[in-house]
Amino acid sequence: MALALAGLAQAKDDTTLLDTLVVTGTRTQTSLRDSPASVSIVGREEIEKRGTDSVAELLRDVPGVSVVDSAVAGMKRIRIRGEQSNRVVILVDGQELTDHSSFGSPLLVDPANIERIEVVRGPASVLYGAKAIGGVVNIITRKGAATPVQVEVGGAYHSATRGWEGWAAVSGTADRLDYRLSVSGDDHGDRKVAKSPYSASGRLENSSYQNQDVSLHAGLKLDEAGRHYVALKANHHHLKADGWQDPFALVTLKNIGINPTIAGKQAQISIDEAELTQFNANLPKRDLDKVGLYYEGKDLGPVLRKASADLFVQRVDREFNNDIRIKGTGGSAYIPFPPPFGQTLGLTSADIGMNSVSVDRTQTYGASGQLDFSFHPDHYTLMGAQFLRDDLDTNKSNTIQISNIKSPSPGVPTGTLSVNSNAYDRATMQTASAFVQDEWSLTPDFKLIGGLRYYRVESTLEQTSSSTHNAGESSRHGRFVKALGLTWTGLEHSTVRAGYSEGYVMPSLLEQFTDSRAGRGIVLSGNPDLLPERSKNYELGLRYQNRGVVFDGTLFFSRSKNYITFESCSISGRCAPGGDIYVNADRAKSHGVELLMEYLVPGTSFTPYFTGTWMRRQITVDDFSTYQTDVPRLSGRLGLRWEDTLANSEVWADLFVHAATAVDKKERAIEKSGKVSRHLAGWGTLNFAVGSNFGPHGRHRVVLHMGNLLDKGYRASVDEMPGVGRNVVLTFSTRF
């Protein structure tokens, strides 16, 4: 699907927005108009106009997409059609960014180094791997400039965070070689918000973050015609982010268990009722290092039309720190030693502090290849294969300190008890898959595209210090997934499309094999018996563009099962009482409408536009079912754009409203806290942006964004921090 903000100038030229070529929807170069998938594009021009250091923010206005950060401002991810971020595949130049946490891959790429972003909404597991229930984001990075040497520099100031960012790059093309080297960095303080229950001071404490990025591209045409091309890309990205304390996390928990291992012996601490008084999750380190090699051959012959292959290795280093403070009453404690312990002690009250530190490293090796064939004039056939290997090393340490102990047991001193535990796990996952897709031109107006992919996935726990898991535990899964799409262009200036697709998501290594305490203070056990999550999706769409009118609409319905959630160990019987364990229990149904509409008013430079989504999503866990799933019924952007040339400079302006209806989030696991449903009111912000390209060939650019002009306090979703208050972003860049 077209993106409303992409290609403002194109609406005024003979070139149409829906004629923009995309690759991600079908793995072949296809126009937006003819793609059977729901595809959106954010191009380079739009990236430069947006004035943001976050890839997720660039995607906020794509229909069906929402932004989440889980209380860590610098770790923005996206949801697609309500599906959590771990069900969205993130690609950089077609290569997957893997992340074996329960949260999904963050979008840690410098926007200044991005040529365009292509987003596929809905399952795309046939083409893009075993995480694509929600969709696919393919970030395509920049190559060398057309001149032998071009230097770019830029910077920005963000009033909401008192933050700055800066970037510089040198790029060019010399004969058959093209190159680009870029560096960037930013530093943001605590976020400014309108005065609200979230902040009396107007600042969100512990919401600061920093990024640094270095990227290299070097490409070489192997022949004069450019039919064979190879490239090397390397990237280093560093993130440090603080975690904001969300008031929703400060709940009262009943009947919780804290069961650390002390010198190989199991301690058991049970609290009848515990009130969380502090909850902080910080990310001192989240680094990505990646090197990739690429080959592309085109115009190879009448049958073999194209060939492509790539290899890459990447490493993700993550340090996660979680601090929890609890005031507990009632319960008991069994500490194996030293004396006078070794017995079960009754507790009348205690103050409990828990610090959990997780240091993880994920090393990924990947390779893929694709061949494009034209066996018949009416058929275009793709065949491909992919291999991924993820090696996860995780070290977890937990410190539990119980103060102000008051016990009815005789001879037990009051005071402080400190318990430390450590855990280590090493696990691997290997995914091998092969796919085939055929595009069949049934008639000049009808095209049928069908695809099939087979997955074989093996996960193994190689080493562990856990008393609940054993080295050598493994799981193996194999499955076919299918997709089918149909387009009809029999109506002038229009394309009608219909599609069916299946999604398939493997449980992560952390969900299968590792035990963690971060979160509610309760041990959450891994489960090697988890099944893959699966989904089926149906779509019907219409695209139209003529005489300045652009319309792109999609109806969708999806049904998913085997969603991974967690339940009490006392229910499952597969782990120590007092904790939880990952299980396949959830299922979901979603349906909705995604719209893009814009109109270039004849004889003017004004374009009113709207992008939005209406959606309903239902989650069911055993006998628990709810539509309160943190998804607004209606969300979108309504605005008026203007663009013209003044004094030989391109000038543009955009006045728009961001808005969404109220959301509620109801979870079975939270009901025990007494906070059954979390409610957020509907909201709307008024915003204005203006910018200009000036100087020879428009080499200088200045952009001013004024956000939330009415200083409204709001929060878009439970999984996103409160929005910034009235703010200004000033961006400047130049090239020479």
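Me: How many nonpolar, polar and charged residues does the lining of the largest cavity have?

Reply: General idea first: rolling a probe the size of a water molecule over the atoms shows where empty space is left. A cavity is a set of points, on a 1 Å grid over the protein atoms alone, where a 1.4 Å probe fits but cannot get out, and lining residues have an atom within 4 Å of a point. Here the lining has 17 nonpolar, 15 polar and 14 charged residues. Ala, Val, Leu, Ile, Met, Phe, Trp, Tyr, Cys and Pro count as nonpolar, Asp, Glu, Lys and Arg as charged, and the others, Gly among them, as polar. Bear in mind that this is a predicted model, where local features need pLDDT of at least 70, side-chain atom pairs count only at pLDDT 80 or more, and totals for chains, interfaces and linings use all residues. Residues are numbered from 1 along each chain as its sequence is written, and side-chain values use heavy atoms, with hydrogens and water left out.

Me: What volume does the largest cavity have, and which residues are the closest to its centre?

Reply: A volume is the space filled by probe spheres set on the points, with grid points joined across faces, edges and corners. For the largest cavity that is about 930 Å³. Of its 46 lining residues, Arg50, Thr52, Glu57, Val724 and Asn727 are the closest to the centre. A search of the whole structure finds 11 cavities of 30 Å³ or more.

Me: Which strand gives the most to that lining?

Reply: Helices (H or I, at least four residues) and strands (E, at least two) are DSSP runs, numbered from the N terminus. E39 gives the most to the lining of the largest cavity, five residues. Helix H1 (44–50) and strand E41 (727–735) are among the elements that each supply at least two.

Me: What about the second largest cavity: how much space lies in it, and which residues lie nearest its centre?

Reply: About 420 Å³. Its lining has 28 residues, with Arg60, Val65, Ser66, Pro632 and Ser635 nearest the centre. Strand E33 provides the largest share, four residues.

Me: Let's turn to sheets. In what order do the strands of the open sheet with E3 run?

Reply: Two strands pair if DSSP finds at least two bridges between them. The five strands run E3-E8-E9-E6-E7, with mixed pairing. E3 (38–42) and E7 (95–96) stand at the edges with a single partner strand each, so one side of each is left without a neighbour in the sheet. E6 (residues 88–92) and E7 pair in the antiparallel sense over two bridges, and Leu91 has Glu96 in E7 as its bridge partner.

Notes. On a 1 Å grid over the protein atoms alone, a cavity is a set of points where a 1.4 Å probe fits but cannot get out, and a pocket is an open set with protein on both sides within 12 Å along at least five of seven lines; lining residues have an atom within 4 Å of a point.
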